[in-house]
Amino acid sequence: MAEPGEVRCAGIPPHPGYRERYPWHARAWAQLTRDPARLPHALLLHGQPGLGKEALAWRFAQALVCADPGAGFEACGACQSCRLYVAGTHPDLRFVGLEEESRQIAVDQIRAVGSFLALSPHSAARKVVIVSPAEAMNLSAANSLLKVLEEPPPGSVLVLVSSRIAGLPATVRSRCAAIALGVPPRAEAADWLRAQGVARPEEILDVAAGAPLAALELERSDGLNERKEVLRAFEAVGGGTEDPVRCATRWKAADSRRCLSWVQDEVARRIGALMAGSEATSKSAEIKRLFEFLDEVSEARRLLETPLDQTLLLEDLLIRWSRAATR
Ligand SMILES: [Zn+2]
């Protein structure tokens with residue numbers, strides 16, 4: 001019989017990016033694979049969104065379960081383990097992520113990890129669990145994971161993936177070997193995007209904070225135009241010509257996280273422009289007001305990851321903005 005939560009975290013095919021060899025992963029890959037015989041029990045792969053952290057975690061997981069990894073610790077792709085991995089049925093590998101509409105990783109998902117790791121491996125040399133996005137664990141889930149991290153079963157490797165490690169308890173972070181995935185140099189990112197058929201990568205890289213996969217996603221989803229529309233509405237709410245409640249409903253229907261991340265960048269950009277300008281002193285009240293609003297946007301982004309109603313959160317924030325802007 002399946003353990004509680006067992007069925008729901010098993011049988012997932014690998015992340016579609018597991019075969020990719022993104023140039024900006026090279027350093028992190030070298031760190032991950034430096035000494036496969038003496039791996040830490042828990043790794044924390046972190047960096048901003050849009051760098052392919054989860055794809056890298058899956059690539060590493062394949063190498064960990066592969067019967068015959070080759071040069072550079074790359075999975076062979078041909079052994080029985082690799083075939084099971086591709087089919088999403090490897091008995092020694094589990095993925096724990098967000099389920100359906102949930103915005104949190106729940107405690108029973110992590111308890112299932114404990115039960116899974118307690119048994120010795122079926123066929124691979126180790127048992128591997130990927131948890132992504134790790135910051136989505138609620139407090140009970142994180143506490144449950146902490147128990148596993150305090151006494152990791154022999155031969156187990158946990159790979160936590162996070163875009164926001166501040167959202168992880170310090171007790172969890174301190175028990176993981178952290179590997180940072182950084183933004184590639186601008187020219188390298190632009191070259192890579194051009195090779196993917198992006199004609200003018202510079203503007204889109206700016207919007208994506210330098211992250212190539214986020215930039216590619218923006219290009220493919222017409223994100224630049226979407227962003228223009230979001231910032232137009234933001235401006236209009238501030239100017240009193242657009243209803244904050246209607247704007248909130250639209251942003252919720254589009255993508256709350258993405259909209260707020262654009263708003264946050266825009267507010268930060270305005271602050272930067274005002275502070276760099278010659279009238280910075282006379283604008284100090286406005287700068288202060290924008291800083292306050294920036295804090296409110298950060299807080300709203302944090303709350304988006306909790307079970308609170310997203311439309312209400314956005315409404316509240318936009319109403320504050322309409323009041324602040326007309327003050
Ligand atoms: Zn293999």
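# Legends to the close-up views

Figure 1. At 1% relative accessibility, F234 counts as buried (buried: under 20% relative accessible area; exposed: over 50%; partly exposed: in between; 1.4 Å probe, protein chains only). The model is predicted, so local features need pLDDT of at least 70 and side-chain atom pairs pLDDT 80 or more, while totals for chains, interfaces and linings use all residues. Residues are numbered from 1 along each chain as its sequence is written, and side-chain values use heavy atoms, without hydrogens and water. Ten aromatic pairs are found in the structure (ring centres of Phe, Tyr or the six-membered ring of Trp within 6.5 Å; planes under 30 degrees apart are stacked, over 60 edge-to-face, the rest tilted). One of them joins F234 to W321 in a stacked arrangement, with 4.4 Å from centre to centre and 10 degrees between the planes. F234 belongs to helix α11 (residues 223-238) and W321 to helix α15 (residues 310-326), so this pair ties together parts that lie 87 residues apart in sequence (helices: DSSP runs of H or I, at least four residues, numbered from the N terminus).

**Figure 2. W321 and its contact with F293.** W321 is buried, its relative accessible area being 4%. The ring of W321 also forms an aromatic pair with F293; this pair is tilted, with 4.7 Å between the centres and 40 degrees between the planes. Since F293 lies in helix α14 (residues 284-304) and W321 in helix α15, the pair ties together parts 28 residues apart in sequence. F293 is buried as well, with a relative accessible area of 2%. Helix α14 itself has 21 residues and reaches 30 Å from its first C-alpha to its last. The buried residues of α14 include F293, together with I287, R289, L290, L294, V297, A300, L303 and L304.

**Figure 3. An aromatic cluster and two charges over rings.** Four residues, Y18, W58, Y85 and F95, make up one aromatic cluster. In another view, R59 lies over the face of W29, 3.8 Å from the ring centre (charge over a ring: NZ of Lys or CZ of Arg within 6 Å of the centre and within 35 degrees of the ring normal). In a further view, the ring of F116 has the charged end of K127 over it, at 4.2 Å from the ring centre.

**Figure 4. The salt bridge of D206 and R186.** The structure has 23 salt bridges (a side-chain nitrogen of Lys or Arg within 4 Å of a carboxyl oxygen of Asp or Glu). In the one between D206 and R186, the closest N and O atoms are 2.9 Å apart. D206 sits in helix α9 (residues 201-207) and R186 in helix α8 (residues 186-195), so the contact ties together parts 20 residues apart in sequence. D206 is exposed, at a relative accessible area of 53%, whereas R186 counts as partly exposed at 41% relative accessibility.

Figure 5. E226 and R258 form a salt bridge whose closest N and O atoms are 2.8 Å apart. This pair links distant parts of the chain, 32 residues apart, with E226 in helix α11 and R258 in helix α13 (residues 256-276). E226 is partly exposed, with a relative accessible area of 25%, while R258 is buried at 17%. R270 and E235 also meet through their side chains in a salt bridge, at 2.6 Å from N to O. Here R270 lies in helix α13 and E235 in helix α11, so the pair ties together parts 35 residues apart in sequence. E235 is partly exposed, with a relative accessible area of 45%.

**Figure 6. The zinc site.** The protein donors of the zinc ion are the SG atoms of C66, C76, C79 and C82, at 2.3 to 2.4 Å from the ion (donors: N, O and S atoms within 2.8 Å of the metal, or 3.2 Å for Na, K and Ca; water is not among the atoms, so sites may look incomplete). Along the sequence, the spacing of these donor residues is C-x9-C-x2-C-x2-C. The arrangement is tetrahedral because the four donor atoms subtend angles of 102 to 120 degrees around the zinc ion (tetrahedral: four donors with all angles between 85 and 135 degrees).

Note on methods:
Helices (H or I, at least four residues) and strands (E, at least two) are DSSP runs, numbered from the N terminus. Four donors count as tetrahedral if all angles lie between 85 and 135 degrees; four count as square planar and six as octahedral if opposite donors are over 155 degrees apart and all others between 65 and 115; anything else is irregular. The expected span of a helix is 1.5 Å times one less than its number of residues.
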